[in-house]
Amino acid sequence: GLFEALTKEPPPPRFLMHGYSGSVETALRLARMGAWFSCNGSLLEPRRRKAVETFRKLPPERIVLETDAPTGLPPAEWVNHPLPGQANHPANLPRIGMGLAAALGREVAELAERMERNAAELLGC
């Protein structure tokens, strides 16, 4: 499994779990190993409530927001730059951030500031 592979080949000090949708328990174990967790607009789909609950329980300093464009399209109410063929546009990120703040019960400005700091730290900027 995943942890067996990470034992054989340890990850770098900081690594990203792209579009994370696993359990809280797995996430917390990965966080101790240096993992960060990204989420995109698809997290705002009603069917993704379990994933939202996971993100609520993650260390806030380990979450980053991503567009995952052209995939990861949020529900229509969170799209302000529609594209043909159900494609996502990076310009939807501010609206996705607003939706994520609402889903996590956080203030938009606080979440935006946190995401900016987290991304800089993850990328070593």
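Visitor: Which residues touch the most other members in the largest nonpolar core?
Guide: In this predicted model, the largest nonpolar core holds 25 residues. Helix H1 (2-8), strand E1 (15-17), helix H2 (24-32), strand E2 (35-39), helix H3 (49-57), helix H4 (93-104) and helix H5 (108-123) each supply at least two residues of this core. The members that touch the most others are Met17, Tyr20, Leu30, Phe37, Leu43 and Phe55.

Visitor: Which element gives the most to this core?
Guide: Helices and strands both contribute, among them H1, E1 and H5, each with at least two residues. The element that gives the most, with four residues, is H4.

Visitor: In what order do the three strands of the open sheet lie, and which are the edge strands?
Guide: The three strands are paired in parallel, in the order E1-E2-E3. Neighbouring strands of this sheet are turned by 35° against each other on average, if direction is ignored. Since a strand at the edge pairs on one side only, the edge strands are E1 and E3.

Visitor: How many bridges join E2 to E3, and which residue of E3 is the bridge partner of Cys39?
Guide: Strands of a sheet pair through backbone hydrogen bonds, either parallel or antiparallel. E2 and E3 run parallel and are joined by three bridges. In E3, the bridge partner of Cys39 is Leu65.

Visitor: Within what arc do the buried residues of H3 fall, seen down its axis?
Guide: The buried residues of H3 are Ala51, Val52, Thr54 and Phe55, while Arg49, Lys50 and Lys57, on the other side of the helix, are exposed. An α-helix has 3.6 residues a turn, so residues three or four places apart point the same way. The buried residues of H3 line one face of the helix, because they fall within an arc of 155°.

Visitor: What covers the buried residues of H3?
Guide: The buried residues in question, Ala51, Val52, Thr54 and Phe55, lie on the side of H3 that is opposite to the exposed Arg49, Lys50 and Lys57. What covers these buried residues includes H2, E2, E3 and H4.

Visitor: Is Asn118 buried or exposed, and which residues does Asn118 touch?
Guide: Asn118 lies in helix H5, and its relative accessibility is 1%, which means that Asn118 counts as buried. Not counting residues up to four places away in sequence, Asn118 touches Trp36, Pro60, Glu61, Arg62, Ile63 and Val64.

Visitor: Where is Trp78, and with which residues is Trp78 in contact?
Guide: Trp78 is placed in the loop between strand E3 (63-65) and H4. The C-alpha atom of Trp78 is separated by 16 Å from that of Arg49, which is 29 residues apart from Trp78 along the chain. Leaving aside neighbours within four places in sequence, Trp78 is in contact with Leu44, Asn92, Arg95, Ile96, Met98 and Gly99.

Visitor: What is the omega of the peptide bond from Ala69 to Pro70?
Guide: Pro70 is found in the loop between E3 and H4. The peptide bond that leads from Ala69 to Pro70 is cis, with omega near 15°.

How values were computed. Residues are numbered from 1 along each chain as its sequence is written. This is a predicted model: local features need pLDDT of at least 70, side-chain atom pairs count only at pLDDT 80 or more; totals for chains, interfaces and linings use all residues. Side-chain values use heavy atoms; hydrogens and water are left out. A nonpolar core is a set of buried Ala, Val, Leu, Ile, Met, Phe, Trp, Tyr and Cys residues joined through side-chain atoms within 4.5 Å. Buried means under 20% relative accessible area, exposed over 50%, partly exposed in between (1.4 Å probe, protein chains only). Contact means heavy atoms within 4.5 Å. The arc is that of the directions from the helix axis to the C-beta atoms. Two strands pair if DSSP finds at least two bridges between them. Axes are lines fitted to C-alpha atoms, for helices over the stretch in contact, and angles run from 0 to 180 degrees between N-to-C directions.
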